[in-house]
Amino acid sequence: MVEISSFVASPLCGLTLAQLGAEVIRVDPIGGAADVNRWPLTDDGSASIYWTGLNKGKKSVTADLRSAEGQSMVRSLITESGPGGGILVTNSGGREWMSHEALEQVRPDVITLELLGGSDGSPAVDYTVNAELGFPLITGPVDHAGPVNHVLPAWDVICGLYAALAITSAVRRRELTGVGSRIRLPLEDTALSIASTLGYLTEPQVNSRSREATGNDVYGTYGTDVSTADGDRFMIVALTPRHFRDLVQLTDTGEAIGSLERALDVDFSLEADRFAHRSVLNALFGKWFAERSTDEVASVLAASSVLSGRYRTFDEVVASGALEANPLFAELDQPGIGRYLAAGLPATFDGEQYFVGPAPQLGVHTPVTHTSGVGSD
C-alpha cells in the first residue's frame, strides 16, 4: 500500500494496516510533509516523537511531487506493486496525476481512499470539525460559559481506523470480484456518523432539545469524580443496580439512601433516578471519600464491583510500571529517539501480539534513480 499523507488520520490508517501485516510505503515530498517536525519533539529538537510514532513499520520514499519524474515514480509504486498492491491512501487529494481515474487507466483494479476534511471536500481538521458539531459546548465544568476543546483528536483517530477498515473491505471485495474501489472518507462525515449513532444528533430531532452539559457526571446513569483526604481524585461509575448497592455499602450510606428514596419518592435502582438526583448523591458519597486516604479508597474500591479509576498524569502512568507489565508494549529502538516501550497492535490473534519495527529515516527507501532533486509539494 502507498500512503501519501500527513498529520493523524491517514498515517494512522497506514500504521494500523502495517501492524496487521501489510507492506506500507509512505511517500513524502523531499524534506518531508507538513508533519515531519510536528510536536512533541525530543528535548534537543532533533526528532519528532509524533512522526516516528505514527510511521512505525513503514517504508519511506521521498520525491519531488511537482515534477513529472516524481509523479511517474509514485504512480509506478502504486500500480506495479503486484496482486496484493495497487492501493493508495491519501489526504492530499485533488491532484489529477494520482486520481482514481488516472490510476485505473493503468491498473483497473486499483483501490484508492481519499481522506477529506469537510463533507463537501473543503479543508477541515479535527478541531474545526469538533467545534461545528457541538461537543465543546457540553464539555468541561457546567458553570463554564465557553467551549472546551478535547485534547484527544478523536475524530482523526476514528477516521483513521475507519480508513483501515474500508481498505481491508475493498481488498476482500477485489479478491472476490476483481473489481477495484474508489473510497471517499470525509473527516466531518466520520464525526457526524458517530454523533448520530450515539444519539447526539437524534435527540434534537426526536425530543426537540440538545444533550445537556453534565461536567464530570456521566450522562443518564450515576458516575462522578470524588476527592480523597490526600487531594487525589477518583472517577467512580455505578452503571448497574449491583454497582450502586456496592457503592452504598462501602460508603455506609444505606440508611441515608433509604431516607432519600422515601423523601423524594424515587428508586435508586433505576438509572434515571440516579441521574436525576445526582447532585444530592454526589454530596452524600463525596463526604465519605473526602474523609479517607487515597490508599484506603483505592483498597475499598478494588474489593467492590464499583467501576473506578484514579486520575493520573501520563508521567504517573509510565512511572507505575503499567507499560512493563502489559504485553501490549515491547522495547523499540527508534533512531533519533532512543529506546522506549512502544505499543503494538491492541488486538491479539490466537494469543499472539503483533509489533512492527521503528519508523524509517525519511526517504531511506527511495529508488536510487529518484533520490536527486529538490522541491516540495
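## How α10 and α12 cross

Helices α10 and α12 cross in a right-handed sense (right-handed if the near helix is turned clockwise from the far one by less than a right angle, left-handed if anticlockwise). Helices here are DSSP runs of H or I with at least four residues, strands are runs of E with at least two, and both are numbered from the N terminus. The residues that touch are Ala256, Ile257 and Leu260 on α10, and Val280, Leu281, Leu284 and Phe285 on α12, where contact means heavy atoms within 4.5 Å. By class, this contact has 7 nonpolar, no polar and no charged residues; Ala, Val, Leu, Ile, Met, Phe, Trp, Tyr, Cys and Pro count as nonpolar, Asp, Glu, Lys and Arg as charged, and the others, Gly among them, as polar.

Helix α10 spans residues 254-264 and α12 spans residues 278-290; they pack at about 165° with axes 11 Å apart. That makes α10 roughly antiparallel to α12 (under 35 degrees is roughly parallel, over 145 roughly antiparallel, 65 to 115 roughly perpendicular, and the rest oblique). Axes are lines fitted to C-alpha atoms, for helices over the stretch in contact, and angles run from 0 to 180 degrees between N-to-C directions.

## About the model

Keep in mind that this is a predicted model: local features need pLDDT of at least 70, side-chain atom pairs count only at pLDDT 80 or more, and totals for chains, interfaces and linings use all residues. Residues are numbered from 1 along each chain as its sequence is written, and side-chain values use heavy atoms, with hydrogens and water left out.

## α9 against α12

Helix α9 (residues 241-250) also meets α12: their axes come within 10 Å and cross at roughly 50°. The two helices are therefore oblique to each other. Phe244, Leu247, Val248 and Leu250 of α9 touch Leu281, Phe285, Trp288 and Phe289 of α12. This contact divides into 8 nonpolar, no polar and no charged residues.

## The sheet and its helices

An open sheet of 3 strands runs in the order β7-β8-β9 with antiparallel pairing; strands pair if DSSP finds at least two bridges between them. Its edges are β7 (222-227) and β9 (307-310), each pairing on one side only. The twist averages 15° from one strand to the next.

Strand β8 (residues 233-238) is joined to β7 by 6 bridges, and methionine 235 in β8 is the bridge partner of aspartate 225. Helix α12 lies across β7 and β8, at about 35° to β7. Helix α13 (residues 294-302) packs on the sheet too, touching β8 and β9, with its direction about 20° from that of β8.
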